[in-house]
Each structure stands twice: as structure tokens, then as C-alpha cells.
Amino acid sequence: MPHTRNADRWPPGIRSAGLLLIVCGMALGPAHADEGEEEAPAPVAEPPAVAAPATPGPDAEVPDAGPAPFRLLDAEVPPGETRRLSWVASESFAGIAVPTPVLVAHGAEPGPVLCLTAAVHGDELNGIEMVRRVLYGLAPGKLVGTVVGVPIVNLFGFRRSSRYLPDRRDLNRYFPGNPDGSSASRIAHAFFNDVVRHCDYLVDLHTGSFHRTNLPQLRADLDDPAVLELTRGFGATAVLQSRGSRGTLRRAATEAGIPAVTLEAGEPMRFQPEEVEHGVKGIRTLLNKLGMVTRISLWGEPQPVYYESVWVRADTGGILFSKVALGERVTEGDALGTVTDPITNKRATLTAPAGGRILGMALNQVVIPGFAAYRIGIEKSSDQIEREAGTIRQRDDDAPAAHAEDDDNGDRPVVDPPPGDNPPEDGERPD
């Protein structure tokens, strides 16, 4: 072969040295490259291929990410914790923002959101203590869902020991409010949208008004199936059919699709331990009914339901002295109390127009003709309730007063305020 012949021309020693240089040159390679030539980059090892995660099938179990934080008032409450937030009304009479405390207990497991509101009327104190006891008595780590408590909605009235806002308007006649309306309308609108609309259920806590007291009771629109079901969670608390006056927080919430009730208990300007305890027990029973706590309710008494009620009014002026007690059962013709003229000593007796139970009554005081002194609830049997459900409204001889709300005195404004607007100043009467 040509290549063999040329190789044979070299002497054996030189031929061996040449082979050695060739082998070394192959081994050293780039180290003997000429100056100015770019060194070839070393080969980079390719990373091992990673298989793409398999797409879970329709029957595959997806790991639970856990409950989400509860978002309210531009804040987040982590699961299993209690936080105190602040709500600021859009309108301040003093020109300075006044923060209203909002307590939130967010459970470790997802569930319904229950809202408790108190002191919409600033002189009604029992509800404030109810909210405190319920919220601080919860163990958020064992809670299912969320409880939002606003102990003092009307902070303006509370600081002045007044039922009303500083302009003497009743905040509980302006819900759901109007962002372009009066001060009361704007406050109502801000609270309703910032807090209430985030809830699934609402319990609005009240007392009697103007030296009147109420037996612990629920006011509810029993024609609404969701509201009716809500009332069944309060144990032995009496229930009174009432749609609620236009502008009340309860009615506005119900019309917005949030089942709501009013829980009345006691009288204004006082903290009454028995009434507070009843309200707290009722709310805790509701939490159990909603599946939010595992506490077993021992409230096994029957729940009386009153689809009708009637007010007994004084026909003469004088000093009222009662002969019956709150919660007492009466029959038609029973003497309820007397009104005595302190000057002439003439005395008139107030009698029961129908049998029933005293759900609300005035404290002993000076009264004027037409003053609503006693409210009698007329109980129905379960058969009667079934036949009349959806058609019965609470009635009174003075029909407009039959739907009076919260203050429970049987009076109401001469002109109902349109939703979110003000009634005429001259026509407004406190209810």
C-alpha cells in the first residue's frame, strides 16, 4: 500500500519518535493550539429530562389548601383567630372619623358567617354585653364559619346616652341607606355595605324604648321561609311575627337576601343580667343549630310563636301602676293596671282585650291619653299557624302602629322615610 511504503523510508528510531509525538499531540490537543485561535468550549452535560407532572384525572383527590382568611374592612383574619377591626362611617358629625370596633372570630373550618349587631339605638345596652360574651366565649380554633360582632353600631348616640344620632334621627329607619342622602342615610349605607353584606345571617339586638321593657323575644318575618328556619334555632325564645318597618336594619337585610331577626330583651339605659343571659343562651343555641359549634344545647322548652299581638293604650292621662308582670299570661277582661289622675284622683283600669301573654309593657310612669302601655301576644296552635302562614300579620286597632319595630311602643313616624332618605322634619315622631 502507498502509506506503508512511505513509512518504511524512515529509520526505525525516528519512526517510533514520530508516532509518540502524534499520540501526545492527540492527547494534549487544544493545549498546543496556535496563539490567537479561540479555544473551543468544553462540552456541557445536558440536564436529565424531567417528566411533566401528570394531569389529575376526574376521580383523583385534590389536596385541600385549607380555609382561606376572612376578608372584611380591608383586613384579613387568619383561620382560627379572633381580631378586632375598625369600621369608620363615611360621615362624621364632628368632622373627625370615629372608628367603631368590629370583632371577628374566624373559624378553623369554612362555614356560614353570622353577624351580631347591637346599639343601633345608642341607649340600648343589653345587646352590647351579649355581643361581648358571645364573641369572647368562642374558641376560633374549634369554630366552623365566622362570627362578626359589632357591639356599638351607633357610637354617636352611645356616647351621648341617646337613642338617636346627634341630629335626632333614628338610624334604624334609614337602612340600607343612600350614599348621596342625609347624614343618617350615608352612615346606614356605609355600614350596610361595609359589614352587613358580607354576612349570611343577621341578629340585630335591641331593648324596649322610652321607659318600656320587653320580654326576651324575636321579631321576624315568618312569611319568609329562610327567616322562619332561622328563628327555630333560638331555643325557648318567644317569636313575634313582624315584617318590620321600612328602613330597619332587619328588614333591609332580609330584602337583600340575608335572613335576619331582631332579638329584643329588657329596657334601655340598663345592663340587666337575666335578659343578657337569655340572649346569650339563645345565640349560642343558634350557633349550635347552624353547625358552627359542637356545644350541645340543653334548651328543650317549647318555643312559643305569636302571629298576632295587640297594644293596650291609656284612654286618660295620669300615673300608670301595673298589676301584671312581664311575661305573665292573661285572659280577656283581666285588669292589667290603672291610670290615676294625681289632681282629681279619678282612676281608670286598663283591661286585656284578648287572652295571651305580656310581651312588652311600660314601666310605672306618668302617661298621656293614647300611650301604649301593654303589648299582648296571642299564641296560635301549630295547626292554626300552618293554616295561616303567609297571610297573618300582627294587628292592632291602630293599624299603622302594628308594625312598629324595636322600640316597641306602638308608635311610628307619621311619614315613613323612603329607603335611604329622610322623613320631613315636622312629621317625624320617635317610635
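In this predicted model, the protein has an average pLDDT of 80, and 70% of the residues score at least 70.

**Overall make-up**

The secondary structure consists of 9 helices and 18 strands. Of the 431 residues in the protein, 48% are buried. When contacts between residues at least 6 apart in sequence are considered, 71% of them join residues at least 24 apart.

**Nonpolar cores**

The largest nonpolar core contains 40 residues, and Val148, Phe175 and Phe191 have the most contacts inside it. Two or more residues each come from the strands β1 (70-72), β3 (81-88), β4 (99-106), β5 (109-117) and β6 (144-150), and from the helices α4 (155-159), α5 (183-194) and α7 (249-255). Helix α5 is the element that gives the most to this core, with 6 residues. A second, separate core has 33 residues, including Leu114, Val147, Leu205 and Tyr307.

The contacts of Phe191, leaving aside neighbours within four places in sequence, are with Trp87, Thr117, Val150, Val153, Phe175, Val196 and Leu249.

**Helix α3**

Helix α3 spans residues 126-136 and is mostly covered, with 8 of its 11 residues buried. The buried positions in α3 are Asn126, Gly127, Ile128, Glu129, Met130, Val131, Val134 and Leu135.

**A four-stranded sheet**

An open sheet is formed by 4 strands in the order β15-β14-β12-β17, with antiparallel pairing. Strands β15 (347-351) and β17 (366-367) stand at the edges; each has a single partner strand, so one side of each is left without a neighbour in the sheet. In general, the strands of a sheet pair through backbone hydrogen bonds, in either a parallel or an antiparallel sense. For β17, the pairing with β12 (residues 318-322) is antiparallel and runs over 2 bridges. Within this part of the sheet, Val366 in β17 stands opposite Ile319.

How values were computed. Residues numbered from 1 in each chain as written. Predicted model: local features only at pLDDT ≥ 70, side-chain atom pairs only at ≥ 80, totals over all residues. Heavy atoms only, no water. Pairing = 2+ DSSP bridges. Buried < 20%, exposed > 50% of the residue type's maximum accessible area, 1.4 Å probe, protein only. Contact = heavy atoms within 4.5 Å. Core = buried A, V, L, I, M, F, W, Y, C linked by side-chain atoms within 4.5 Å. pLDDT = per-residue confidence, 0-100.
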